[in-house]
Structures are given as structure tokens and as C-alpha cells.
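Have the sequence and the 3D view ready.

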Amino acid sequence: MNFAGSFTVPFHVRDGVIYDANDRKVKLWGVNYYVPFNHNFYNLEELGKDHFAAIDEDIRHFRLLGVDFIRMHLYDREITDRHGNIVENKNLAVFDYLVEQCAQNGIYLMITPTVWWNTVKTQIMMERFYAFWNIGAQDAFGFSNYYANDAMLWDPDAIACQQNYLEQLFTRASTSSGKRLSEYENVVAIELFNEPRYPNRYLLEPDPDLNSNGMMAATRPRGEQRQLFVRMWQAFTTEHPDEKDEDRRFSLFSAQLMQRYFGALLPIVRKHFGQRVLTAQHIGSESTFPGTTKAFIEAADIDASTLCTYLNVHSFDAVNTDDCNHLTYAAKWLDKFASIDFGRLGKIAYEFNATATTNGYPLAAIAAIYAQLDVQLAAYFTYTPAAIAAWNPGWLVHYLNIAHTPSRAAGFAAAGDIFRQHNPGDVIAMTPEAWSGNNYAIERKNDFVFSRDNRVFRYSGDNDIDPGDIAALRVVSGRGSSRFVASNGNGFYHLARQDAATWQLSLFPRQHYVISPERSRQYRSMANRYINCLQEPPVSILREERVTFTMKAFKVTSATSLANGSSIAPDQNGTLLLKPGEYLLHL
């Protein structure tokens, strides 16, 4: 089966711009998605949910939201052994299924094979077995458990594990299709490592105090691992006696280490994928681009830089920030990114979000920033699967689901069109409370976003906006009432024209928050945030009750339920009384 996406693969970069095989400028909008791994995998498992069915449901929803891109960092600790050998398990089987379903549904993928970060699996297993726990009690206890984050880029043994891992990951046969990962045309980018910690002079200092330096201190090398780095530095110093400037000498040392790292791993990517994927790498902490980092990334066989945007109003682990003005923070990020010279590299946003809010307008502001700065692939972090979304488990400050965060989902869908339709140089009219551009608006008041072109009209709440030529429209999505639709529910809806006399309606339930989705500050800062769905209450409920729905732009004569084929007649005003579900509306 040939992959049928909106752009023709393979992609390539020319003068910092990503093009498809037909030289069309690429724009992809999507999400990070983690049903195969970490919190999402184990929350589904503890509730007895079917992981494969969960993927099917979410992909249906992705189509409604306009998602055509998924970025995923694989949790290598869950699928490898001490030496980087692949461990075939259910996590990988679910991953295989996701890759195959994305290929069948026109969704492009960016894969980051190594995330390094720990997962809730070890926490769950240790709590379950306590004194009886050992490494062998888990089907996989991967190589990243044995190395500090920094060491993954320069420890020879850690690099050897990653070489072994990549070779096996790229060549193993999918349990869903029998294909190798390198045979999937929808895999368009490979990022070697998630948020790498490039060599830093703090590694020459004594071991950090784990009792006073916070949780990040635990990510750094200690003991023999740190001493290995010191010895490598001393050897480099001995080999370069003529370089008296210590800062310059350390920059040269860092560049040498990175040349070894990229030289060991990037050829494996090219061996299996050739030029069919973009090679990408994170540019640095907080998406800055220091001179040393830029030099060794531009010198390597890397096509694109990956960057992120987090509007963390009250720090990463904030309580709810719905009342904050995220537009002011977004404007600061625009200024920050505008000052960075990315050189020849394309730009990919591997993660973005405004944390601890259920509002959608901040996502639209980020979309406008990215369009202005020529970021071309962008993935929200992270989509919460429908099967567990009532609990918002996992990353508590990142909550997006089409049913359980309807305003945010509607804003996210409109944001995708803003991102796709606009380019550097397009004017953004900015005030402290609202941004606007050609055929879009982003307003803090009432958390409102709309975007419109000749074929698509999306909005996140009640409005009186002219939808344009209604005969030309093919998609209308949002919530609330507009000149096109009137609904008394607060759930998301999506209308797609099937032919001149038929529209398909996807109608989601009314939604209600029962507690704060972030669950206050009761969980450890920056911890894995494991929420046991069997012990914790849900944060959101859906009301499976009928809502009124009227197509104001056209007269509906009847509706047909796609669930059971039953026919529903409108009242004399053309208003339908509908349960949440899928319908054909006949004009």
C-alpha cells in the first residue's frame, strides 16, 4: 500500500525550508501520542481497556481535529534490555499497530527512538512487589536505566547500546504488518534523542547533592560516570596543549564528543532510511541555540532543528491557569524565537503547550507564532486518549481530548488551520487581549478562536462571524452557535459535506469538569505523576443527553443515525433533537 498523505514523500530541506517530493512547502499539525507507552499504556491496562481499540477511536477523532502529524518519543526503558537489545512485548505490539494505522489514515510520523526518562512501569512494579522486586521481575528494564541523561551522548558504552537498539528497531518486523519501520513511507523524520543534555562544564564539578538540588540533579552523572567524563576532558587537554583559552578548549572538546555521537548513530539512520527521512535534533535547553551547539549540529548530517514552546505561566507544575493572559507570554516567545538564526536547518516543533489550562486560545497563539517563524511541523504535547481521558492521568498539566476538553479541542482544530494557512511576513495584529490576522481571530475573552477559508470554517464558541460562501464550504467544526449552526450543547461537533444534499455530523456529548483537571499541587514536582484510575476520581464527565442541533445555513429535511440506521425528523423550525453520535443530515 502506498502512503496517501496530503504531501508527497520523501521530504527534503533547502535553505531552511522543508519541501515535499513535488517541491511543495510542507505544513503538518498534530500531537504527541503515547498509547503504546508509559502512563497511557498502563492506565488503559489497569482499566481493562483494549489498546488497539483505543488507537482506532483516537485516530477517528484526529481526522475530525485536522491532525495529520504524530510525534512520539519511544520509551526505550520499556522495550530494551541492559545492552540495547529489543524486547518484544505488548508495548511494541501496540506501537506497531499505531504506525500501521497512521499509514492507513494519512498521518505522518516523527519518531524519537530514545527518550531516556523513567516510566511509571518501574514505579508500579516496585509498589506491587516491594521487597520481592528485582530487575528480572519486568519484561524489560532498558539500557537508559544505567546511564545518566548527559552520559547518553558521550559514554562509549551508552552509545554502543544506542547503536544496537537503533539497528534492531529499524530492522525488526512489525507484528501488525510484517514491514520494517524503515519501510513505512509515513515516517518522515527521525530525532535521535529527546531533549539531549549537551556537554557542560558542570560535569567537571563534584557530584551534585541529591538532597538539595532538586529532582534534576538525579539526571546528572555521579561517581564513576562523572569521573569518566573528567578523564576524557583531561585527555583532550593533554592532546591540545597549544589551546590556552579554557572556554574555547571546552567548546572544541564538546564538539569532538558530539561528532563521535552523531558519527556513531546518524549513519545507522541513513543505512536503513537513506534520504527518505529528515534527520532532526533538539537545539538546546529552552530552545535556545548557543554557538557551540549550532556549530556541531550544522556540521552533522542533520536536516532540521527541533524546538519547543511551553507557556508555563506559574512554572511547569502550576495549578490551573485559565485566568492568566497567555497572549502576553506567547508574544515573548515570538520575540525570543525571532532572534534565533537556524541557518540551513528546517524547523520542527516537537512539543508545545500552554500548561495547566483547558483554554484553546493559547494554542492558536502558538500556531500563529509558528507560522510567522516558518516552523513547518508542530506537535502538541500531549493528546489524552479517549478511553482514559475522563481521569486526565499521566501528564496532568497537558490535557487535550476532543470530548473532555471541548473548548480546547475546538481551539486546537482552528489553530491548525491558522498554522497551515499563514506564512512569515503575514501581519498579526496584537493587543493585550486579542490577536487577529487574515481570516482568523484569537481572543482571551470567552476563550475564542476562529479560522476560515473558502472550504473550512472552524470556531471554538458562540459567534456571529460571516462564514463566507456557504456553498463552497466542505468542513465546519466547533461548539456553540454560529451563522451556520445552532446547538445548545457545549460539546465539539464536526460537519463534513458528503454531496450537494448530505452532510455528515459528528456530535459529542455535553461535558462537565467535576474537579480541577490538574488535581492541584498534591503530586510531586516533575514526578511521573502516575494516577491510578482505579483509585482516583475522574476529573471530567460526559452527559449522554440529547441536545438541539440546527443547520441555519441549510434546511435539513431528516437525519439518519449511522449507529442504527434510524431516521430522525426535525421540528417545524428545522431543529433536531439528537443524542451524541454520528449522523447523516439530508437537505
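What follows goes through a barrel of strands and then some helix packing.

This is a predicted model, where local features need pLDDT of at least 70 and side-chain atom pairs count only at pLDDT 80 or more, while totals for chains, interfaces and linings use all residues. Residues are numbered from 1 along each chain as its sequence is written, and side-chain values use heavy atoms, leaving out hydrogens and water.

Start with the strands: eight of them form a closed barrel in the order β3-β4-β5-β6-β7-β8-β9-β10, paired in parallel. (Strands pair if DSSP finds at least two bridges between them; strands are DSSP runs of E with at least two residues, helices are runs of H or I with at least four, and both are numbered from the N terminus.) From one strand to the next, the twist averages 25 degrees.

| Strand | Residues |
|---|---|
| β6 | 187-191 |
| β7 | 278-282 |
| β8 | 304-311 |
| β9 | 346-354 |

Parallel strands β8 and β9 are joined by eight bridges, and Leu307 sits opposite Ala349 of β9. Helix α7 (residues 246-273) packs on the sheet and touches β6 and β7, touching being contact, with heavy atoms within 4.5 Å. The direction of α7 makes about 150 degrees with that of β7. (Angles run from 0 to 180 degrees between N-to-C directions, and axes are lines fitted to C-alpha atoms, for helices over the stretch in contact.)

Now for a helix pair: α2 (residues 51-65) packs against α3 (residues 90-104) at about 25 degrees, with axes 10 Å apart. That makes α2 roughly parallel to α3, a label for angles under 35 degrees. Among the residues making this contact are Phe52 and Ile55 of α2 and Tyr97 and Leu98 of α3.

Methods: Angles under 35 degrees count as roughly parallel, over 145 as roughly antiparallel, 65 to 115 as roughly perpendicular and the rest as oblique.
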